[in-house]
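Reader: I have a new structure to look at. Can you walk me through it?

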Amino acid sequence: ISSIGSSTEADIRLKKELEPTIQDRFNEFDFLKAHQMLQSKPSKNPLETLRQAYLHFQFGYFDEAMELLDSVYEKSKSNGKRLVELISIYNLKHVIRFINSYYLSKNQKTVSLIKKIEKLSVRNYRVTYEQEPSFVKECMSWIVDNDFHQDAFINLSETVEKIKDHYYIQLRGGFSSNSNYFKLISQYLELDQFLEQNCILFNTYSNYEEITAKLVEGLLLMHTFNDKQSSIVDFIDEVLLQKLIMYAKRETLVKYYNRLNVTGLNQGNTNNNKSILKTAERFFDDHHKLRETLSKTEERNPYFFWEKYYKVAGNLLLLVTVSTSKEDHTPLAKKLINLFSEESINRQLEPSHLADFIRNKGEYIQTNVLKQFLLLSIENNKLHSSNIFGAFHMQKRTNHPNLLLNNKTSLQKVETYFLKECTKCQSLHEPSLAAEVYHLFTEPHQKQLKANIIKSLAKSFNPETYYTLAM
């Protein structure tokens, strides 16, 4: 509770912790537990069935989602629940889009449902149910015309412009007291909760990423305010971090973080078990179990869910990397080693992302674990990047002087992979990679590596290799 010049802390908690729902599990990236809680049998309550369909869709189980949504449509139509009926049709239309985009269903029930739904028009609902109460008609128009998206985007854009004005005022030494922070949060979460609580399938689209980009820009602008501003954002709480991880584009987070020269994101005094670091540890720890679980099911469409999964993974690792946390990051590093020991690296987790993690958080990782990561980076051709080895080199210079390779096996692999055409990548790596790796060997092995490089250059001179390694 703060005012200009003073602040008071009050610890306000629920008396009793509520049992997490399947939606809570999914929003907290506990995908394994959320999947275990999935129920395909329709509930007697149409609203609960709507939520079941919503979660089946999130996992890419489109056939099950179609069947559940159709049952909601029929029940709500017969019971006169016009808004629920409209939402079920709206969602069915969107599920069909994804079926057409990701895979053609061979399920005959789904095929017949598609034919049935394509004959229905969402826009006709305003005409068909003209006699409904004004509130219901207003909600129908809001959903049918996607006004919930347009209104939120316009409101958030206006609020972010005001925050920008404040940003430039405080850069010039000025001061402003306003409610822009509360407006920004309210405008975003109103839309988020409207979609989530009504189980409306919209937040998967790029339009929602654009709205989340406004939230990112506004939050990071206020995070860089000087401490004289009453609306400075000292920390970003776990709920907002969850939204950034789930819905923001990584490129957007990086763009505004670098553009505004943010020096680190503070999560504040959160429950340690729900800190972003602990969340990341649980998330990556569950990876193999989750993949094994999904492989046992009749998974119709693996790509849809795994695209979402790796987007979350990339954003989660990024926000851990830029967080102000100084806790021990060794457990997370071990889980990443296990992940990349068995998995081909995904485009959402590029070598540069891991390099940033090692560069920023390496001092909080034990030397022996960093060395395991280094050996993995030599062995895994997807990690053959000068960015990664440059990060290890930096850690060796600054925090881990004993981060050294001292065996012939590693030396032979470096010579095989980095001094000539890599047998794993089937291409010649940039000379800077060999230059970074050189500094990670003990002195005797450096001499041997240097002698072998000179022999290689004498045999086949390469100016780029010579000048890069000489420098």
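Author: What follows covers helix packing and cavities in this predicted model.

Reader: OK, helices. At what angle do α10 and α11 pack?

Author: Helix α10, residues 180-197, and helix α11, residues 206-223, pack at an angle of about 155°. Their axes are 10 Å apart.

Reader: So how are α10 and α11 oriented to each other?

Author: Angles over 145 degrees count as roughly antiparallel, and α10 and α11 are therefore roughly antiparallel to each other. The crossing of α10 past α11 is left-handed.

Reader: Which residues make that contact?

Author: From α10 come Tyr181, Leu184, Ile185, Tyr188, Leu191, Asp192 and Leu195. From α11 come Tyr208, Ile211, Thr212, Lys214, Leu215, Gly218, Leu219 and Met222.

Reader: And how does the contact of α10 with α11 divide by class?

Author: There are 11 nonpolar residues, two polar and two charged in the contact of α10 with α11.

Reader: Next pair. How far apart are the axes of α4 and α6, and at what angle do they pack?

Author: The axes of α4 (residues 62-79) and α6 (residues 108-118) are 10 Å apart, and the angle is about 50°. The two helices, α4 and α6, are therefore oblique to each other. Their crossing is left-handed.

Reader: Which residues of α4 and α6 touch?

Author: On the α4 side, Asp63, Met66, Glu67, Asp70, Tyr73 and Glu74 make the contact. On the α6 side, Lys109, Thr110, Leu113, Ile114 and Lys116 do.

Reader: What about α19 and α21, at what angle do they cross?

Author: Helix α19, residues 367-379, and helix α21, residues 408-418, cross at roughly 40°, and their axes come within 10 Å. That crossing of α19 and α21 is left-handed. Leu375, Ile378 and Glu379 of α19 meet Ser410, Lys413, Val414 and Tyr417 of α21. By class, the contact of α19 with α21 holds four nonpolar residues, one polar and two charged.

Reader: Changing topic. How many cavities of 30 Å³ or more are there?

Author: Two, from a search of the whole structure.

Reader: What volume does the largest cavity have, and which residues line it?

Author: The largest cavity has a volume of about 50 Å³. Its lining consists of Ile236, Leu241, Leu265, Asn266, Gln267, Ile276, Leu319 and Ser323. Five of the residues lining the largest cavity are nonpolar, three are polar and none is charged.

Reader: And how much space lies in the second largest cavity?

Author: The second largest cavity holds about 40 Å³. Phe29, Asp30, Phe31, Leu32, Phe283, Asp286, Leu290 and Tyr309 line the second largest cavity.

Terms used. Residues numbered from 1 in each chain as written. Predicted model: local features only at pLDDT ≥ 70, side-chain atom pairs only at ≥ 80, totals over all residues. Heavy atoms only, no water. Axes fitted to C-alpha atoms, helices over the stretch in contact; angles between N-to-C directions. Helix = DSSP H or I, 4+ residues; strand = E, 2+ residues; numbered from the N terminus. Parallel < 35°, antiparallel > 145°, perpendicular 65-115°, else oblique. Left-handed = near helix turned anticlockwise from the far one by under 90°. Contact = heavy atoms within 4.5 Å. 1 Å grid on protein atoms, 1.4 Å probe; cavity = no way out; pocket = protein on both sides within 12 Å on 5 of 7 lines; lining within 4 Å. Points joined across faces, edges and corners; volume = space filled by probe spheres on them. Nonpolar A, V, L, I, M, F, W, Y, C, P; charged D, E, K, R; others polar.
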